[in-house]
Amino acid sequence: MSAQRIYLSTTIPYVNAKAHVGHALELVQADVLARHHRRIGDEVRLQSGTDDNSLKNVLAADAEGISTRELVNRNASAFAGLREHLSLSFDDFIRTSSDPRHRPGVERLWQACQASGDLYRRTYEGLYCVGCEQFYPQDELADGKCPDHGTPVQRVAEENWFFRLSRYAGQLHDLISSGQLRIEPASRRNEVLAFIAGGLEDFSASRSVARARGWGIKVPGDPSQVIYVWWDALGNYVTALNFGAGDDRASSTGYERWWAGADRRVHVVGKGVLRFHAVYWPAILLSAGQPLPTEIFVHDYLTVDGRKISKSAAGPGSDSTALDSTAQGSTDPVALAATYGTDALRWWLLRDVPRVGDADFTIDKLIGRANGDLANGLGNLISRVVSLAHSYRNGVVKPCSRPLGTSRWLAAAADGRPATAPSDDWPADAIELRATLECTPASVKAALARFDFRAGASAVWEIVEQANRYVEATEPWHLARAERAGDVAAGQRLDQVLGALVAACQVLAAEIWPFLPDLAARVAVACNDLGGGLPKPQPVFPRIEVSQVA
Ligand SMILES: [Zn+2]
C-alpha cells in the first residue's frame, strides 16, 4: 500500500494539576503510532497540547493564591516537558490560552456553525459540575452529587448560546455505524451508538463571562459570553493547523494538508471523554462543513495500587490526582522516568496495559517487567551476542542478509523499504528465527492498526525469545571449542550462527524503536559494526536493583 498521510492527536489535559501516569499512557500510545507510521514511510503529524481555558484552572490558581496565567504557564510547561521525559515525538504542542493560532481557529469554527444556523440563545437552568465542566441531568447524579467526582453540583441558571446537536443525531449514527467514523474498540462504538439512540439534546456552548471569571475565549459578537471550554478544547485539533487563518492563508503545512488532506485523522482519547469526541466534536465539524476524524481510539484507565487515580486519566476532562501524598510519588511520570528510566516506564505501559479494560499500575509490576524483559531477556541477549562476537571473532561478524520486510537501524528511521538482498545466507537451523524476523513487521502493523499496543509489543518480543532460544540451541561456545581443536566446519558454522544472531539483534533494534526509542538506539549501537567491529560489550539495560531506588 502506498504511503498515507496521517494526523494523530492526543487529548489535551487540563492543567489544574500535574501529569500522572494515566496521561503518560495516552501520550506513549500516540507516540508509538506516530513512530511506527513514520518508520514505514507514512507522512505523520503528531499533535499534543494543554487545555488552559477551564474554570477549574481559575479555581486551582485561586487556591494557590497565584494568577491564573501563572498557574497555567507553569503547569502547561510541565506537560510540554513530558516530551523529553517520556521520549515523545510530537510535532506540535498547542497551549490553548497562549497560542496565537488557537483563538482565531475557535472563532472560525463558531462562526461556521452560526452560519449553518446551529447556534441560538436560550435561557437554561441546570446542575453543573465544574470538575467535569458539564451539566448533568438529575437522574445521572449519584445522591445529588457528580457521579464522577462525588462532589456537589451547582445549580446554574443563565442565558447561553446553544448548539443544535439534536439536528445531527441521524448523520452521526450513520457515520459511526457504517465505520466512516471508526470508533475502537467496538464496545465503545456501541456505547456511542446507544447514547445517540437515546436522543441527543442541544448543548450549552457558552458561559456567562461572570461565571467563567472572564477566563476563556469570548463568543464572537457577544462579549457577555465566553465559549464553552469543551468547544474551545476540541477545536485544538484544527486550530493548531492554522484553521483560523482561513482559506487564503492556510498554508500547505497546515489545515489543508494535515486535516482536510489527510488520509487518516486519528484521535487517541480516554474513555471518560468519549462523548465529547465521538458526538460533540463530529457534530461541530458537520455543522462547520469540515471533514470528520476517521478514527477514535478509546483507551481505558489505569488504577494505581488498586485505586482510581481520578475521575479520568487523560484529556480534556482529566483532573488532578486524587491520591494521597505517599501514592502521589508513584504516579508522577517524570519521577517514574527519572527513577526507573523512560524505557522501563514505556515498556510497562505498552506491554502490560490491555487494549480493553483498566489496568493496575504498581512499582513492583514496572520493575518486574523491566528486569524480566529488558534486563534478563533483551539485555542478556545483546550482551551474549556481542560478547560471543568479541570472544571468538574480535567483534567482526558478517551479519546474515536482512530478512524480507524488515528494517535495519540506522536506515530504520529513514528507510522503511523492504530488503532487496536475497536472504539465502541464513543457516538452515535458523529458519524459525528468520521467519520470526520476517513476520514481525506485519504483526506489529496489524496490531497497531487495531490499536493493540500490547500485541504489538509482544510481536517484537518474539524476536528476543527466538534469538535467545537460538543461542541455547546452537551453543556457539561448543563450536568455538571445536574450531580451536581444528574443526574447520565448526568454525564456518560459528560464523553463520553469529551472523544470524547479529542480524536478528539489528532487526530487533529497528522493530522495537517505535516502542522504546532510547533502548533501540543503544541496541543499534551495540550491534552495528560502524568500522572495526562491534563496540565492546556494554549493558544496554542494567537490572533495576530495588535497594538502589528504595
Ligand atoms: Zn464531575
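User: In which loop is the place of Asp-305?

Analyst: Asp-305 sits in the loop between strand S14 (302–304) and strand S15 (307–308). Helices (H or I, at least four residues) and strands (E, at least two) are DSSP runs, numbered from the N terminus. This is a predicted model, in which local features need pLDDT of at least 70 and side-chain atom pairs count only at pLDDT 80 or more, while totals for chains, interfaces and linings use all residues. Residues are numbered from 1 along each chain as its sequence is written, and side-chain values use heavy atoms, with hydrogens and water left out.

User: Why is Asp-305 called partly exposed?

Analyst: Its relative accessible area is 45%. Buried means under 20% relative accessible area, exposed over 50%, and partly exposed in between (1.4 Å probe, protein chains only). The value of 45% falls in between, so Asp-305 is partly exposed.

User: What is the phi of Asp-305?

Analyst: Phi of Asp-305 is near 50°, a positive value in a residue other than glycine. Most residues other than glycine have a negative phi. Phe-451, also not a glycine, has a positive phi of about 60°. Phe-451 is in the loop between helix H18 (431–449) and H19. At a relative accessible area of 1%, Phe-451 is buried.

User: Which peptide bond is cis, and what is its omega?

Analyst: The bond that joins Glu-184 and Pro-185 is cis, with omega about -10°. Pro-185 belongs to the loop between strand S7 (182–184) and helix H7 (186–197).

User: How do you know which atoms coordinate the zinc ion?

Analyst: Donors are N, O and S atoms within 2.8 Å of the metal (3.2 Å for Na, K and Ca); water is not among the atoms, so sites may look incomplete. Cys-129 (SG), Cys-132 (SG), Cys-146 (SG) and His-149 (ND1) coordinate the zinc ion at 2.0 to 2.3 Å. These distances are within the cut-off, so the four atoms count as donors.

User: What makes the arrangement around the zinc ion tetrahedral?

Analyst: The 4 donor atoms subtend angles of 102 to 116°. Four donors count as tetrahedral if all angles lie between 85 and 135 degrees; four count as square planar and six as octahedral if opposite donors are over 155 degrees apart and all others between 65 and 115, and anything else is irregular. The angles of 102 to 116° lie in the tetrahedral range, so the arrangement is tetrahedral. The donor residues are spaced C-x2-C-x13-C-x2-H in sequence. Cys-132 lies in the loop between strand S4 (119–129) and strand S5 (134–136), and His-149 in the loop between S5 and strand S6 (154–163), so the pair ties together parts 17 residues apart in sequence. Cys-132 is buried at 1%, whereas His-149 is partly exposed at 24%.

User: What makes helix H15 largely enclosed by the rest of the structure?

Analyst: Of the 11 residues in H15 (342–352), 10 are buried, so the helix is largely enclosed. Among the buried residues are Trp-347, Trp-348 and Arg-351.

User: What does Val-507 contact, leaving aside neighbours within four places in sequence?

Analyst: Contact means heavy atoms within 4.5 Å. Val-507 is in contact with Pro-403, Thr-406, Ser-407, Leu-437 and Ile-463, leaving aside neighbours within four places in sequence. Val-507 is in helix H21 (488–512) and is buried at 0%.

User: What is the volume of the largest pocket, and how do you know that a space is a pocket or a cavity?

Analyst: On a 1 Å grid over the protein atoms alone, a cavity is a set of points where a 1.4 Å probe fits but cannot get out, and a pocket is an open set with protein on both sides within 12 Å along at least five of seven lines; lining residues have an atom within 4 Å of a point. Grid points are joined across faces, edges and corners, and a volume is the space filled by probe spheres set on the points. The largest pocket has a volume of about 570 Å³. Of its 25 lining residues, the closest to the centre are Tyr-124, Phe-135, Pro-137, Glu-201 and Tyr-280. S4 gives the largest share of this lining, 5 residues.

User: How many cavities of 30 Å³ or more are there?

Analyst: The count comes to 5 cavities of 30 Å³ or more. The largest cavity holds about 110 Å³. Of the 14 residues that line the largest cavity, the closest to its centre are Leu-55, Glu-133, Arg-207, Ala-212 and Val-229. The second largest cavity has about 70 Å³.
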